[in-house]
Amino acid sequence: MELKSACRMFLFPVQMLYHIIRASLSSLLPSRRKDLSREVVLITGGGRGIGRHLAKEFAKQGARKVILWGRTEKCLKETAEEITLSGTECHYFLCDVANREEVYKQAKVVREKVGDVTILVNNAAVVHGKSLMDSDDDALLKSQHINTMGQFWTTKAFLPRMLELQHGHVVCINSILSQSPIPGAIDYCTSKASSMAFMESLTLGLLDCPGVACTTVLPFHTNTEMFQGMRVRFPQLFPPLRPEVVAQRTVDAVRADKAFLYLPWTMHALVILKSFMPQAALEEIHKFSGSYTCMNTFKGRT
């Protein structure tokens, strides 16, 4: 037993080096992509913003069926019609992911009317955009219920069947603000940090489950109506991402079975800096970048 443990300890750094080299080569060399022709994709918050572009991108890259969930029928219907006209079967259902009973009920309807969901994209989110003391209690709860708890309910609704089929993928559209919070969006940053922990735990928990994978996407500020009015001090250095680019990179990451995707790649540096820099230095970075005041002109959709 002691010999076996010693061998494991010896092999551990070798295995780590192997995986680092393998990951580095994979990022440089083209790899095989998952075929989407058999996939049934469900996207929460699929009527507008990043969700709408995700639906179009999955359809463009060959998904068999696309299902949209959301709370605004007009947006869902418009997006579904556009995707149907492109030649991909598309359905939409009204569903508030914050409502656990409604999620379970609509999940059953989806299975009966459309079939088994094989790719779940947790995209629905809201942002209140105020400081803690200026925030309404109900608005704070709403952010947590939609952005965090909604993932629990949707994943619990669809993951069991994926595990039975040994085929599935859970995707989370998170945010770099889960790693580097800013003032003025305390509800959003907190909920996304919780969501990140949820996905990290879920990803590790599914390591021994063949055929089922996870992808977490952490984009920088994206140019959608949800964050309309958010101001970045140096837009030439840190331009807002286009939602269609986030969608394209997300679908590509799903097809490559990539666990975590930072957009743009320079966001990796931010995470590394946070791991060793003193708090005073991080505060100076926030002051220099203007993140202390970037939400002062916020007027986005909640």
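Helices here are DSSP runs of at least four residues, numbered from the N terminus. Please keep in mind that this is a predicted model.

Let us begin with helix H6, which covers residues 186-205. Does its span agree with its number of residues, or disagree, and why? At 1.5 Å a residue, the 20 residues of H6 should span 28 Å, and the C-alpha atoms at its ends are 29 Å apart, so the two agree.

Ile 186 belongs to this helix. With a relative accessibility of 33%, Ile 186 counts as partly exposed. Together with Leu 132 and Met 133, Ile 186 makes a nonpolar surface patch of about 320 Å².

Other residues of H6 are buried, among them Asp 187, Tyr 188, Cys 189, Phe 198 and Leu 202.

## A cluster of rings

A pair of aromatic rings is described by the distance of the centres and the angle of the planes. The structure holds three aromatic pairs. One of them joins Phe 152 and Trp 153 in a tilted arrangement, at 6.4 Å centre to centre and with 55° between the planes. Phe 152 also forms a tilted pair with Phe 198, at 4.6 Å centre to centre and with 50° between the planes. Phe 152 sits in helix H5 and Phe 198 in helix H6, so this pair ties together parts that are 46 residues apart in sequence.

Phe 152, Trp 153 and Phe 198 form one aromatic cluster. Trp 153 counts as buried at 16%, and Phe 198 is buried with a relative accessible area of 14%.

Next comes helix H2, made of the twelve residues 49-60. From its first C-alpha to its last, H2 reaches 17 Å, close to the 16 Å expected at 1.5 Å a residue. Just after H2, Gly 62 takes a positive phi of about 105°.

Which residues of H2 are buried? They are Ile 50, Gly 51, Leu 54, Ala 55, Glu 57, Phe 58 and Ala 59. These buried residues pack against strands E1 (40-44) and E2 (65-70), helix H3 (73-85), E4, E5 and helix H7 (243-255).

Strand E4 spans residues 119-122 and contains Asn 122. Is Asn 122 buried or exposed? Asn 122 has a relative accessible area of 5%, so this residue is buried. Leaving aside neighbours within four places in sequence, the contacts of Asn 122 are Thr 44, Gln 151, Thr 154, Thr 155, Val 170, Val 171, Cys 172 and Ile 173.

## Salt bridges

How many salt bridges does a search of the whole structure find? The search finds nine.

| Residues | N to O distance |
|---|---|
| Asp 252 and Arg 33 | 2.9 Å |
| Arg 52 and Glu 82 | 2.9 Å |
| Asp 116 and Arg 161 | 3.1 Å |

In the bridge between Asp 252 and Arg 33, Asp 252 lies in helix H7 and Arg 33 in the loop between helix H1 (2-28) and E1, so the pair ties together parts that are 219 residues apart in sequence. Asp 252 is partly exposed at 24% relative accessibility, and Arg 33 is partly exposed at 35%.

Arg 52 and Glu 82 form a salt bridge that links helix H2 with helix H3, across 30 residues. Arg 52 counts as partly exposed at 22% relative accessibility, as does Glu 82 at 31%.

The side chains of Asp 116 and Arg 161 also meet in a salt bridge. Asp 116 lies in the loop between helix H4 (100-113) and E4, while Arg 161 lies in helix H5, so this pair ties together parts that are 45 residues apart in sequence. Asp 116 is partly exposed, with a relative accessible area of 27%, and Arg 161 is partly exposed, with 32%. Finally, salt bridges that share partners join Arg 52, Lys 56 and Glu 82 into one network.

Conventions:
Residues numbered from 1 in each chain as written. Predicted model: local features only at pLDDT ≥ 70, side-chain atom pairs only at ≥ 80, totals over all residues. Heavy atoms only, no water. Patch = residues over 30% accessible without salt bridge, like charges linked within 9 Å, V, L, I, M, F, W, Y side chains within 5 Å. Areas by Shrake-Rupley, 256 points an atom, 1.4 Å probe, with all protein chains shown as cover. Salt bridge = Lys/Arg side-chain N within 4 Å of Asp/Glu carboxyl O. Helix = DSSP H or I, 4+ residues; strand = E, 2+ residues; numbered from the N terminus. Buried < 20%, exposed > 50% of the residue type's maximum accessible area, 1.4 Å probe, protein only. Expected span 1.5 Å × (residues − 1). Contact = heavy atoms within 4.5 Å. Phe/Tyr/Trp six-rings, centres within 6.5 Å; stacked < 30°, edge-to-face > 60°.
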